[in-house]
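Colleague: Could you take me through this model, beginning with the ligand?

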Amino acid sequence: MTALLPDDPASDPPGHDLAHHGDAEVGPGLVDLAVNVRAGTPPAWLTERLTASLVGLAAYPNATAARAAVAAAHGRDPAQVWPVAGAAEAFVLLARALRPRRAVVVHPQFTEPEAALRAAGHAVERVVLDGDLTLDAGDVPEEADLVVVGNPTNPTSVLHPAATLAGLARPGRVLVVDEAFADTVPGEPESLAARTDLPGLVVLRSLTKTWGLAGLRVGYVLAPEELVAALAAAAPPWSVSTPALEAMQACTTPAARDEADRAAVALRGDREHLLGLLAGLDGVEVRGSDPAASFVLLRFPGRTDVRGALRDRGWAVRRGDTFPGLDGEHVRAAVRDRATSESFVAALREVL
Ligand SMILES: Cc1ncc(COP(=O)(O)O)c(C=O)c1O
């Protein structure tokens with residue numbers, strides 16, 4: 001029998017494992033700096049609200065209230081909101097719904113957008129950033145009719161200016177900005193979530209990271225009505241569960257958004273602390289200008305053994321070599337509380 005599936009659609013020709021994720025690196029007895037979900041989450045009030053929603057499980061999910069809540073939070077119309085089972089589902093829906101002639105993915109970035117496009121049979125062109133890993137508008141080919149970029153970007157932690165990204169939007173192009181980590185930045189100054197004036201702009205948001213809901217699968221798409229309609233047509237029925245829709249309402253209230261913002265301010269302090277500790281170490285370079293998210297990208301020039309050596313000492317960091325544009329000298333490490341960062345940097349000092 002002939003297999004109808006394309007050969008290993010998740011792997012690119014030079015062999016980056018696009019399906020690798022940080023959760024594969026955590027394990028018993030390891031401190032987890034590999035996954036970027038905020039520690040100590042979900043908060044009790046949120047768990048209680050999700051638990052209360054379970055009494056409604058006999059009914060099929062109804063997204064009307066969740067779409068209205070998200071729309072209100074971002075100053076949009078509910079017709080511009082499409083709930084998804086995590087931002088990861090949005091990449092699959094976009095790959096199914098769109099027919100790009102020239103799809104461009106800006107790397108290094110989260111690998112699922114490229115994997116989803118390839119799995120749907122689309123050719124993918126890479127724009128690979130180097131140096132300080134910032135993006136110039138001129139880096140993206142003018143003919144690209146689909147552009148995918150993360151902001152802030154995983155794994156570089158670089159926050160691109162809103163004006164640079166807005167400058168990539170044009171008629172005839174779909175511009176996908178993955179804002180899965182936008183709420184880790186106080187005030188979200190570079191977010192395009194509320195911009196309804198940019199043609200073809202698709203903003204993806206996730207409730208996974210800040211709220212600790214990776215297991216629930218919940219996020220949403222903000223896009224012009226016609227693109228939302230195309231995603232809806234490509235979506236499986238009821239893929240977003242009633243508790244996930246409840247989370248969407250709970251996490252988009254003004255009070256919840258304030259709580260997320262306070263967490264982002266605390267995170268910024270913790271990140272500065274970690275960066276200060278790293279500045280005192282020889283043999284490590286922090287990649288990317290002005291890290292802005294809940295993780296940092298580290299490079300150890302001439303050393304590909306650091307991740308393994310950290311693991312031997314009880315620390316799980318995320319490998320960098322599965323990201324196009326990076327190699328085995330890179331790892332990504334989550335920003336945790338200051339005591340954890342101090343112990344981590346002490347372990348790193350031993351290794352180096
Ligand atoms: C940059 C980025 N975008 C999207 C996702 C997917 O998030 P979700 O859990 O909402 O599917 C991740 C998960 O790691 C991510 O790092």
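**The ligand and its surroundings**

Modeller: A polar side-chain atom of threonine 208 is 2.7 Å from an oxygen atom of the ligand, a polar contact being a pair of N or O atoms within 3.5 Å. This is a predicted model, in which local features need pLDDT of at least 70, side-chain atom pairs count only at pLDDT 80 or more, and totals for chains, interfaces and linings use all residues. Residues are numbered from 1 along each chain as its sequence is written, and side-chain values use heavy atoms, with hydrogens and water left out.

Colleague: What lies 2.7 Å from a ligand oxygen in serine 206, and which atom of alanine 88 lies 2.9 Å from one?

Modeller: In serine 206 it is an N or O atom of the side chain. For alanine 88 it is a backbone N or O atom.

Colleague: Which residues are around the ligand?

Modeller: They are Gly86, Ala87, Ala88, Phe110, Asn154, Asp178, Ala180, Phe181, Ser206, Thr208, Lys209 and Arg217, each with a heavy atom within 4 Å of the ligand. This shell divides into five nonpolar, four polar and three charged residues, with Gly counted as polar.

Colleague: Which helices each supply at least two residues of that shell?

Modeller: Helix H3 (87–97) and helix H6 (208–211) do. Helices here are DSSP runs of H or I with at least four residues, and strands are E runs of at least two, numbered from the N terminus.

Colleague: What is phi of serine 157?

Modeller: Phi is near 70 degrees there, a positive value in a residue other than glycine. Serine 157 also lies in the loop between E5 and H5.

Terms used
Polar contact = N/O pair within 3.5 Å; in protein donor to acceptor, adjacent residues only side chain to side chain.
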